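Dear colleague,

I am passing this structure on to you, and I would be grateful if you could look through it with the notes that follow.

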Amino acid sequence: MKGIILAAGYATRLYPLTLDRPKALLEIAGKPIINHIVEQMVRIDAISEIIVVTNHKFAEHFMSWQKGLDYARPVKILDDMTASEETRLGAIGDIQFAIETESIDEDVLIIAGDNFFTFDLRDFEAYYRSTGKDCVIAKEVADIEQLKSFAVAKLDGDGRIHNLVEKPSQPESSTAIFAAYIYTRETVALFARYLDEGNKPDAPGYFVQWLYKIAEVYAYRINGEIYDIGTKQSLDYVNELMAGKQ
């Protein structure tokens, strides 16, 4: 299994913090967000390598960060060679870029580089092993307005997705899907088909919205918290929350 961290966005909502610094390198609890993710990924025995997909603007930042790493798995920086919001590949485009560039032909665990979470990622991987099917992270969100910024799913009694809409104007459930996924080797081969059909290359939830109609996709309800660090307010909130736990 390969681990892929998506870190090629420009985080314009976090300006000026991210004008000259990638969002994944902003700190929570005294260390970069991406470190928290990598530290969880390397605990999964099945993961052989972690690939960080970034853009050309921030590639050097990640390469400098990489030099100071000392983890049990190699971490590779992949520059998608885009340099602006207008030319970016989008999250799904970056996943396919990694698949093609690295000739990935195995299971993948994909996480957005702006996710901060408190649950054990090994539990997610164990759930994936128990189903043998594509899996996503789910959490109940009560705030309707907040739900509108997520992929929102309806699940059956076994946790299988039977309906999902990315960024719905009228959410039909309170089950939000976060940007953390495990896909089988067979599904990895479908990213090219998805893009060839002209589907949206942006938010990774769009791929799940397409996938659940042709394959079984299960949602793992986390035992803990997960936060999408999209604004200065969310960054400050999580930092204050973690400070209170220390």
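Which residue in β11 is the bridge partner of L109? In β11, that partner is I182. Before going further, please keep in mind that this is a predicted model, in which local features need pLDDT of at least 70 and side-chain atom pairs count only at pLDDT 80 or more, while totals for chains, interfaces and linings use all residues. Residues are numbered from 1 along each chain as its sequence is written, and side-chain values use heavy atoms, with hydrogens and water left out.

Helices (H or I, at least four residues) and strands (E, at least two) are DSSP runs, numbered from the N terminus, and two strands pair if DSSP finds at least two bridges between them. Strand β6 (residues 108-112) runs antiparallel to β11 and is joined to it by four bridges. Strand β8 (residues 134-140) also pairs with β11 in the antiparallel sense, over six bridges, and there C135 stands opposite I182.

Buried means under 20% relative accessible area, exposed over 50%, and partly exposed in between (1.4 Å probe, protein chains only). Nine of the nine residues of β11 (residues 175-183) are buried, so this strand is largely enclosed by the rest of the structure.

In helix α2 (residues 59-67), the residues A59, F62 and W65 are buried. They cover an arc of only 125° around the axis (taken from the directions from the helix axis to the C-beta atoms), which puts them on the same side of α2. On the other side of α2, E60 and K67 are exposed.

With best regards
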